[in-house]
Amino acid sequence: MEILIISGLSGGGKSKAASFLEDMGFYIVDNMPAGMILKFAEFCSAGSGRYSKVALVYDVRTADSFDEFLEVLDTLRKREYGCKLLFLEADVGAVINRYKETRRMHPLQERAGSLEAAVNQEIALMTPVREKADVVINSTTYSTARLRGELLSLFGGSQRAAEMQISLVSFGFKHGLPMEADLVFDVRFMPNPFYIDSMRSRTGLDPEVRDYVFSFRETEQFMEKLRELLGFVLPLYREEGKTVLVVAVGCTGGHHRSVAVTRALAEYIRSLGYQVTENHRDMTRT
């Protein structure tokens with residue numbers, strides 16, 4: 001069983017982290033008292049596997065002293081639970097701005113007297129917990145996508161290799177652009193098989209049409225540059241935390257050139273290790 005304890009500063013990103021971890025298959029429990037953590041871990045380990053990945057959110061709301069929690073953490077680490085502690089924080093200014101945006105009150109603000117004093121007080125209180133952390137993430141400059149990508153890299157397990165899916169769509173410009181497309185490539189400059197009688201009723205999936213489209217030097221040059229571009233940007237999209245990237249390839253009607261190019265791109269992107277889906281939106285439309 002894998003137990004991940006999420007702790008850190010209020011406004012440091014714990015809620016978002018818990019949400020992303022839930023999407024990754026973790027069972028999330030928020031604000032569990034330290035005295036219940038061991039019993040809950042024993043309950044989960046005795047189960048049928050439903051709770052094989054558990055993430056517990058534990059922070060300053062739970063107790064003024066973290067001595068009991070630190071003892072529980074040491075006990076969990078000695079047992080065969082695979083327990084890790086993730087600590088999320090942010091700079092004081094970033095935390096203050098986040099609270100101003102949400103108009104929520106910091107859990108220590110009433111006692112501390114001001115938001116800034118509350119944040120600094122929490123930093124001091126949480127120092128012993130931070131020192132025990134396996135992973136510390138300072139989310140000050142993190143976008144939501146980057147935080148998700150970082151967590152996926154750290155705790156995603158087998159999901160890491162499949163973290164981004166590439167959706168390839170061929171289409172015809174006369175039927176309109178795919179609204180969901182992230183990248184759009186226009187291949188209407190290529191010689192059109194539509195004007196050859198024997199190919200007009202065929203599609204880019206037919207060998208005769210495919211061979212015709214790729215028989216021209218400009219097609220091969222375009223594909224070479226396109227492969228170079230995608231080989232460069234796909235890892236960057238993945239690093240940013242993109243889960244689905246939609247790449248659209250269009251020709252006039254969506255029957256021939258765009259279909260042939262989309263099929264070739266699918267083969268290339270799969271060779272890079274990505275999951276690929278292929279959809280020829282307008283191939284059967286008139």
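1. Quick ground rule before the strands: two strands count as paired if DSSP finds at least two bridges between them. With that in hand, Gly-8 has Leu-88 in E4 as its bridge partner. Helices (H or I, at least four residues) and strands (E, at least two) are DSSP runs, numbered from the N terminus.

2. Housekeeping. This is a predicted model, with pLDDT of at least 70 needed for local features and 80 or more for side-chain atom pairs, while totals for chains, interfaces and linings use all residues. Residues are numbered from 1 along each chain as its sequence is written, and side-chain values use heavy atoms, leaving out hydrogens and water.

3. Now the open sheet: 5 strands, ordered E2-E3-E1-E4-E5, with parallel pairing. E2 (27-30) and E5 (135-138) sit at the edges, each pairing on one side only. The twist averages 20° from one strand to the next; axes are lines fitted to C-alpha atoms (for helices, over the stretch in contact), and angles run from 0 to 180 degrees between N-to-C directions. E1 (residues 2-8) and E4 (residues 83-89) pair over 6 bridges.

4. The largest pocket holds about 560 Å³ of space. A pocket, on a 1 Å grid over the protein atoms alone, is an open set of points where a 1.4 Å probe fits, with protein on both sides within 12 Å along at least five of seven lines; lining residues have an atom within 4 Å of a point. Volume is the space filled by probe spheres set on the points, which are joined across faces, edges and corners. Of the 24 lining residues, Gly-11, Gly-12, Gly-13, Lys-14 and Ser-15 lie nearest the centre. H1 (14-23), E2, H4 (92-102) and H7 each give two or more residues to the lining.

5. The second largest pocket has a volume of about 200 Å³. Its lining includes Lys-174, Phe-194, Cys-251, His-255 and Arg-257.

6. Last stop, E8 (residues 244-251): 7 of its 8 residues are buried, meaning under 20% relative accessible area with a 1.4 Å probe, protein chains only. E6 (residues 165-172) runs parallel to E8, joined by 8 bridges, and Gln-165 stands opposite Val-244. E7 (residues 183-186) is also parallel to E8, through 4 bridges, with Val-184 partnered by Ala-248.

Key. Buried < 20%, exposed > 50% of the residue type's maximum accessible area, 1.4 Å probe, protein only.
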